[in-house]
Each structure stands twice: as C-alpha cells, then as structure tokens.
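Please look over the sequence and the model shown below before reading on.

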Amino acid sequence: MNCLEMLKQFITSQNLGEENIALAMEKINRLNETNPDKVNEDYSEEILASTIIDSFKLNAENLKEYSDYCIKSGLQIGRRHKKILLNYLNYRNDSDKELFFKELSKENKEFIKEEFEEKLSKIEAIPVEVAFEKFRTMWNDAVDAPDNDKIKDYVFGLYSKIHAYYNSKKMSNVELFEYNFPFINGDMRDESISELKDFCYNSSESFYDEYVYLLRKDLQKDSLECKLEPCMNQVEYDEEILKHSNLLDRGGDLHYLLTEEYDAVYLKLNQKLYDSFKSKKEFLNYVLDAIQQSYRLLINNKVFCVEIDNIYEGNRNIKWLLYSYVGIYSERFIKTREHRKFFSPEKICNEMFNVYGYEYSSKDEKIILNLLKKYYSKNEDNVSELFELLDTDNTIEQFKTFLEEWAYVYYGFSFNDCYILRNETDLHIQFSNEVKNDNKILFVFYKYRMDERKTPCPVCNGLNISGNSYPEIGHRSWECKNVICSSRSKSNRGKRYSFKTNFMQFGAQNPIEENIISKELISKWRKDIANVDSDLDIYYMFIKYFSFSNEKILFINTDYDTVSKLNELDRELICISKLNGNKAYCCNKKKIKIDSKLFDKYFEEGNYINRFFQIKTNKQFQNIELDCQNEISYVFNGDSFEILNCLPKKCVSAAVTSPPYFNAREYSQWPNMYLYYIDMFNIARKTLGVLDNGGVFVYNIGDINGNEMTIAKSNMGTKRMLLGAYSILMFEKAGYELVDNYIWNKGEPQSKRSTNDGNFTPHYQKPVNCYEHMFIFKKCGDELKVNSPIPDKWKSYITEFTPVYKINSRGENKLGHTAPYPEDVPELAIKLFGKHNKYIMDPFLGSGTTVIAANKNGYNGIGIEFSKEYALLSRDRIKEECPSCNVKLILKETESNSPLK
C-alpha cells in the first residue's frame with residue numbers, strides 16, 4: 001500500500017468522503033513528481049494517529065509537564081532536547097527516547113537516567129481514537145463552514161506527513177542537486193554550479209556546507225571584480241597572507257585581506273596603538289577605516305567585537321568619546337539609496353519638514369504625502385509642485401537637496417551588547433586623583449548585510465523556498481516550500497529559518513566538546529559588567545561565545561603571543577597589528593593610504609550626523625527673575641527649551657537629569673530618533689547658557705531596545721539602541737566636553753529568565769543588562785571645579801546603588817511617575833560639583849527627585865517639567881520629603897509674551 005492508498009483508507013474508514021481527496025490531488029501529484037512515493041507498507045492506524053498527534057500538537061501538555069519536572073529536578077533542558085522529546089512522545093520510537101537521554105546527559109553531568117526514564121514511562125501514549133476524533137472534529141468544522149480550502153489543507157497536510165514519515169530517508173546529494181537545480185536561479189556562478197554538481201555526484205559529505213561554501217567563494221570573486229556595493233569591494237588581494245597567522249599592519253593592510261573570510265573579528269583599541277600615530281585625527285581615521293574593513297572581512301551574520309581601553313589625549317581620557325564614535329559609525333557608515341518596501345522615505349521626509357524650515361497647512365498634508373510618494377517611488381519630477389505648497393525661506397535648489405537626502409538610509413553593523421570590563425586600576429588622574437578608572441569597554445556587533453541569495457533549508461536541504469521577511473533589518477529569513485520536509489506545521493507551513501539560525505541550531509544539535517560553553521564561563525559573563533583578570537580572559541570568552549570549531553578568527557591589534565595561547569581551542573587564529581614585531585609577515589604590496597579626511601567627512605561634514613543636530617530658533621519671551629536672596633526652589637511647568645532661554649545666565653552650578661528615553665514611555669513619543677535628538681540637542685545648548693563657569697551637566701541614560709523609526713517603522717526596525725553614544729556626540733556638538741562616565745551598576749537584574757534557552761553553544765549566550773550611564777559634561781575649555789573630599793561611593797567609575805521600585809505591595813505606583821530615578825544620581829552632581837550660591841537644575845524633573853536631593857543636601861533646585869500633572873506631583877513630593885523647603889510652582893502661560901504665569 002502506498003501513501004495515497006493509506007490516505008484513502010483513512011478517509012473512508014472515518015466516513016469523511018473519499019471524493020474530498022480530489023480537492024488536493026493537484027498538489028499531491030506535484031509533490032510526487034519531485035519526491036516520488038516509494039512506499040509499499042501495510043496500513044497502520046498507529047502511524048496515521050501519530051501524524052495527526054504531531055500536526056495538531058496534542059502532546060503539548062505532556063511535553064510541558066515532563067520539561068517542568070526536569071527543570072524542578074535541577075536539569076538543564078533546552079529547545080533542542082524538547083524537540084527530540086516531542087518526537088518521541090508523538091511517534092514512540094525508542095531511538096528518539098535514547099537520543100533524548102543521550103543529549104540530556106551531555107549538559108547534566110549528575111543526571112540519573114533511570115529516574116527520568118521511569119517518569120517518562122508514566123506518560124501514556126495518546127490513544128488512536130483520541131487522535132482520530134480530533135481530526136474528525138476539525139474536519140467537520142471545515143465542512144460546516146463550509147471551507148473547501150481548509151479541507152484541502154487537511155487532506156494535503158495529512159498526506160504530506162504520511163509521505164514524509166515513510167519516505168524519511170534523506171535525499172542523496174545527487175537527488176538534492178537534481179531537485180535544487182531549478183531553484184538556484186542565478187544565485188551562483190556557472191562554474192560554481194558545475195563544481196556543486198561534481199561534488200554531489202562524487203561525495204556524500206554535507207550538501208548544505210558545500211553550497212554555502214560555494215556561495216562565499218562567489219562573493220569573494222564578485223568583491224575582487226568590484227561587482228558588489230562599494231563597502232564590500234576589494235581592489236587587490238595578497239595571496240601570501242593566507243599562509244601566515246601573524247601579520248604586520250603598515251596602516252592600511254586590512255584592505256589586502258580576503259572578503260568574508262573570517263567567522264569573527266576582534267578589534268582592540270588601546271594607548272599603545274594611539275601613541276603609534278602622529279595625531280588624534282590620524283588615529284581616528286585609522287579606527288573608522290578598520291571598522292569599514294572589518295565589515296567587509298567578516299562573514300555575514302557573524303560577530304564583530306571592539307575593545308576600547310583607557311586612552312589619553314594629554315590628561316583627557318577619550319575612551320567614552322571613542323565609544324561614541326565607534327558605536328555610531330559602526331552602525332551607520334554605509335549610505336544606501338533604499339527602494340525596498342519596508343522603507344517609506346515620504347514619511348521620514350514629511351516628519352522632518354518643520355525642523356528644516358518648511359511649513360504647510362494641515363489641509364495640504366495628504367496632497368504633500370501623495371506627491372512625496374510619487375517623487376520617491378516613481379521618480380516623478382514634481383519638485384516645483386511640492387515647493388509651491390510649502391512656506392519657507394529656503395531656495396528651490398536647497399529643497400531639491402533636502403528631498404534627495406531622505407531617499408537614503410545608513411546601514412552597517414547591528415549593535416548587540418556592550419560589556420563593562422573591570423580590570424586593573426588606571427593610574428592616570430582625570431578630574432580627581434581620588435577616583436579609580438578601573439574599566440574598559442567591549443562592544444558586540446552583528447553583521448546583517450542584505451544578501452538576497454537563497455540559503456538551503458536546514459532540515460531537507462531544499463532550495464524550493466520563499467521569503468521576503470526580515471526579523472531584523474538585513475537579517476533575511478526564509479520559508480521552506482518542500483512539501484515533504486519533515487518540519488512542516490499542522491497548517492502545512494514550511495520551516496522558517498535564516499543563515500544565522502541555521503548555524504546556531506547546527507551547533508546546538510551537534511554539541512561537540514570544542515563548542516560547549518561551560519556553566520562557569522556563562523556565570524562569569526552572565527551580566528554586562530564582568531570582572532576580568534587579563535586580556536586572555538576576554539579573548540577566551542570571545543572565541544567560545546562567538547565561533548565554532550575549525551572557524552577562522554581575525555584579531556586586530558592584539559598581542560600575538562597572548563592570542564596564540566588559545567590555539568588549543570581548535571580555531572584558526574590570525575593576528576594583524578601595527579604593533580607586531582619582526583616575526584610578523586609584512587605585505588610586500590604597495591602600502592594603502594587611509595583617507596585622511598575620513599573622520600571629518602563623516603562626523604564634521606556628513607549628512608547623517610547633520611540629521612540629528614538642527615538648531616531650533618528661539619521664541620522671544622520675557623526673562624525670568626529668580627529670588628536668590630531667599631531660600632526658594634522652583635518647579636517650572638513648561639517647555640525646557642523655552643524656559644531655559646529665559647533663565648538668568650550662569651545661575652546653575654550643576655545640571656542633572658535622566659531625560660525621557662526615546663519612545664520608551666507614553667509621555668516621550670517622537671516620530672523618529674532624529675527629532676528626539678534635535679530636541680535633546682537644543683535643550684543641551686540652552687542649558688550651556690545657564691551653567692556657571694566650571695559647572696557640569698550629569699546625564700543619566702541607558703541603551704534600551706526599541707525602534708529608531710528611521711528605516712523601518714514596523715517591528716522589523718526593533719533593535720538595541722545606542723542612546724549613550726548619540727548622547728555623547730550630542731553634547732560635544734552642543735559645545736560641551738565629556739569628562740568621564742560613571743557606570744551605575746543596578747545590581748542583580750529583576751528578570752531571572754535564562755538568556756540561552758538551555759543551549760550551551762556559540763551565539764546563544766547573551767548577558768543581562770544591569771547598568772546605565774551617568775555621563776559628566778563640562779563647558780569646552782572650562783576648568784573643572786570639584787568639591788573635596790569625594791564620597792566613597794564616587795571613588796570608582798563603577799558604582800552600585802539600587803533603582804527605584806515604584807510599585808508597592810498592593811500593585812500601586814507609590815510615586816505616581818512611570819520612570820523615577822534614585823536620589824543617588826543627582827547626588828553625584830550635587831556632592832561633587834554643587835556651589836551653595838548657585839542652583840541645581842533638572843530640565844526633565846519628572847517626579848521631583850533632583851530638587852528633593854538638592855534640598856536634602858543644602859542646595860536650592862530648579863526643575864522644569866512639561867507635564868502639568870507631573871509638575872504638580874513634583875511640588876507635592878518636594879513638600880512631603882522636605883517640609884522646610886520653600887518651593888514655588890510656576891505653571892505654563894497661554895499668552896504669547898511669556899512661557900509661564
């Protein structure tokens with residue numbers, strides 16, 4: 001009996017009407033053309049029932065019950081284990097049970113098989129009749145609807161499951177080649193297709209690995225022939241480099257390394273490297289070029305790490321300034337004219353009109369949006385028509401330039417994490433010899449380049465796939481369309497996967513010793529503040545977390561002797577450094593000159609940076625007089641930009657705030673991140689005017705998950721946002737100088753969720769975020785005035801104190817504000833930089849904490865709060881917490897001559 005005969009017998013035996021099979025016969029025939037049914041077996045109700053149990057997830061509760069038992073018994077059980085266990089529960093094959101216990105024992109050394117085998121034996125198989133009844137119920141619901149499409153799906157879904165079960169032998173490489181050949185569709189060069197065919201007809205090794213290898217070789221050839229986007233093209237290649245693991249970099253030799261040759265790249269930036277350059281600008285140009293080349297050299301969907309140590313320009317530590325440059329440039333250095341559907345340039349352009357000096361009446365908005373859409377999607381020359389609808393002082397030529405800019409997006413790496421590494425104390429004196437600078441930075445980025453070439457299904461190795469989906473920008477995913485692929489769902493949908501999920505799952509499902517990450521290592525790096533004893537600690541984590549056995553890893557500007565101690569990890573480790581000695585291989589090709597204007601063209605003159613820092617015009621308001629003779633603190637309800645413009649000059653010794661995080665709360669919503677930073681930038685500029693000589697601005701912010709709303713407005717645009725890096729650049733552009741950054745260690749995170757889902761292999765490990773930044777800025781050129789002695793809490797740049805837990809035992813918000821911060825944050829500004837004849841000021845007062853902390857420490861405060869509700873809340877909290885404080889609340893004015901009343 002073949003599979004179709006089995007299906008007919010089942011349909012007939014259940015009185016479901018054999019004639020309904022005709023609804024799916026076209027799909028069944030098409031399936032059998034590409035995947036012939038070779039079965040000749042007796043009819044088995046048990047197998048039919050198992051396919052139904054599998055399709056409709058009837059063992060979901062049994063799986064959960066047993067998994068929970070394992071977890072409560074102290075076992076590590078991940079998605080991989082559950083998948084094998086589910087297969088056993090569905091089909092009751094002893095081989096699946098043995099495989100499950102074998103895999104479970106690998107990560108649970110004290111695992112006692114007999115105990116858990118006994119527990120598993122008590123889970124009874126779902127009776128055949130229960131499975132059949134489930135199918136009949138679903139079928140009858142479709143008949144009653146009536147819904148012939150659903151009936152057809154049920155028929156074909158059941159047939160394909162039966163077919164997959166009985167024809168489960170994997171296709172040979174010859175069969176795979178013949179099956180996949182029609183779907184290659186120009187993804188591969190002709191010579192590579194011939195090489196693939198030769199491989200398939202002469203080898204039983206992995207089809208998937210060979211196919212992916214040939215795709216990479218094609219890309220490398222395209223790169224050398226300059227057929228890719230500019231950032232991926234390579235002018236020349238030094239073949240000798242492949243023969244050496246210790247390379248000397250003369251300053252541009254990264255350009256001679258082969259495109260997408262490395263599975264992980266690590267860049268180290270330290271004082272020794274900085275000192276090898278003639279100037280800071282030359283060093284910065286080198287850093288940006290190294291980021292560009294690292295992107296080209298790294299295999300897609302893999303990791304790029306950047307370590308930034310304490311680096312001094314004279315007496316100024318530029319580590320965190322470099323963090324800002326590296327973070328922003330790494331994510332957004334590739335300018336691309338984007339035509340894909342997820343990007344709507346007309347929406348971004350429309351959002352930016354006002355800050356660039358273009359206004360229009362609300363009645364014209366639909367017309368303008370329609371004209372913009374035609375301009376960007378159909379290349380219609382309607383600039384003059386658009387320009388006529390706008391009120392502006394700009395010329396039409398300026399308008400054309402403005403329109404053209406928003407057709408572009410900026411790509412690069414995707415920021416994933418930033419570790420703070422505690423190491424030996426730096427003896428350099430920054431603003432005080434009492435403060436230890438005992439940390440360095442480790443960035444983790446992923447490369448998600450838009451590569452439209454298909455990746456085979458990891459289950460069936462088929463290339464009959466579809467997909468126009470991106471879980472993240474640049475991270476392409478696919479859906480298998482091979483109807484006998486064993487991973488098809490009950491609704492007959494194919495497996496969804498990506499190149500990244502494939503290599504992660506391959507590693508997890510085949511956990512060889514060289515790829516297993518120990519629980520001790522995971523514990524050490526569980527949070528994004530980690531204690532390290534040496535560089536070897538960091539490199540070891542990098543290799544174990546982000547690479548597999550036999551992969552090739554590039555280290556840039558690390559010590560070769562240190563890295564080579566890790567050769568035992570079964571990876572190919574390559575070092576290239578400007579600092580390597582005489583034993584290093586030196587390229588004999590012409591030295592490549594790094595662009596001497598690279599930094600200036602991006603950070604000083606570049607259009608991308610310019611998008612964030614547009615200067616807003618002032619409204620003319622009356623000056624605000626403060627009563628400095630009496631001990632009065634002020635709460636102003638209004639727009640910070642307007643009120644700061646009216647306050648007396650130099651009345652503030654220290655400003656401190658935790659600003660509204662971009663689109664993180666209901667009260668802090670902006671159409672896109674450009675507009676958010678334009679607002680923050682202009683408030684920072686106005687704060688500069690009220691700061692006294694030697695005054696500071698302490699700025700508390702964290703890097704959060706969200707959508708910058710500058711490329712994709714959908715969930716596809718969700719990522720970890722580098723708010724800290726952009727904030728540093730914002731203050732530098734506003735006329736400040738970064739002094740340093742206190743890391744607020746918030747202690748044990750409230751979330752206890754596992755971050756690796758029980759997988760102890762590369763690319764699954766992700767630290768829990770446990771810190772925020774507290775940046776200290778001063779006016780450019782000012783001499784910093786620090787109060788002494790410095791409290792013990794502030795004698796290290798990593799300091800720990802508890803966040804505010806605003807929800808009480810009754811589930812009520814006891815502070816009335818959704819994002820209060822602890823008094824410790826303003827105390828940093830007050831105790832180190834406060835002056836008794838000047839105010840402590842917060843431009844985003846929220847629930848009043850800054851003014852409360854100021855009063856508790858003997859200072860008067862100024863707080864500005866846009867929300868009237870929160871301004872009233874602040875006033876009341878200040879009176880409650882500081883009964884002796886004289887606080888004056890000044891509300892918003894509706895008249896045009898003053899922002900207040």
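Q: At roughly what angle do the axes of helix α4 (residues 60-72) and helix α5 (residues 79-91) cross?
A: The model is predicted, so local features need pLDDT of at least 70 and side-chain atom pairs pLDDT 80 or more, while totals for chains, interfaces and linings use all residues. Residues are numbered from 1 along each chain as its sequence is written, and side-chain values use heavy atoms, leaving out hydrogens and water. The axes (lines fitted to C-alpha atoms, over the stretch in contact, with angles from 0 to 180 degrees between N-to-C directions) of these two helices (DSSP runs of H or I, at least four residues, numbered from the N terminus) come within 10 Å. Their crossing angle is roughly 130°.

Q: Which word describes how α4 lies to α5, parallel or oblique?
A: Angles under 35 degrees count as roughly parallel, over 145 as roughly antiparallel, 65 to 115 as roughly perpendicular, and the rest as oblique. The crossing at roughly 130° therefore makes α4 and α5 oblique.

Q: Which residues of α5 make the contact with α4?
A: Contact means heavy atoms within 4.5 Å. From α4, Asn-62, Leu-63, Tyr-66 and Ser-67 take part. On the side of α5, the residues are Lys-82, Leu-85, Leu-86 and Leu-89.

Q: How many residues in the contact of α4 with α5 are nonpolar?
A: Ala, Val, Leu, Ile, Met, Phe, Trp, Tyr, Cys and Pro count as nonpolar, Asp, Glu, Lys and Arg as charged, and the others, Gly among them, as polar. By that division, two residues of the contact are polar and one is charged. The nonpolar residues number five.

Q: How far apart are the axes of helix α6 (residues 94-106) and helix α7 (residues 113-121)?
A: This pair packs at an angle of about 140°. The two helices are therefore oblique to each other. The distance between their axes is 11 Å.

Q: How many charged residues does the contact of α6 with α7 have?
A: Lys-97, Glu-98 and Phe-101 of α6 face Lys-113, Phe-116, Glu-117 and Leu-120 of α7 in the contact. By class, three of these are nonpolar and none is polar. The charged residues number four.

Q: How do α16 (residues 345-352) and α27 (residues 673-690) lie to each other, oblique or parallel?
A: Their axes come within 10 Å and cross at roughly 20°. That angle makes α16 and α27 roughly parallel.

Q: Which residues of α27 meet α16?
A: In α16, Ile-348, Glu-351 and Met-352 are involved. The contact has five nonpolar residues, no polar ones and one charged. The residues of α27 are Tyr-674, Leu-675 and Ile-678.

Q: What is the volume of the second largest pocket?
A: On a 1 Å grid over the protein atoms alone, a cavity is a set of points where a 1.4 Å probe fits but cannot get out, a pocket is an open set with protein on both sides within 12 Å along at least five of seven lines, and lining residues have an atom within 4 Å of a point. Points are joined across faces, edges and corners, and a volume is the space filled by probe spheres set on them. For the second largest pocket, the value is about 570 Å³.

Q: Which element gives the largest share of the lining of the second largest pocket?
A: Among the 26 lining residues, Pro-230, Cys-231, Gln-292, Tyr-329 and Leu-598 are the closest to the pocket's centre. Two or more residues each come from α14 (280-297), α24 (598-604) and α25 (607-610). The largest share, four residues, is that of α14.
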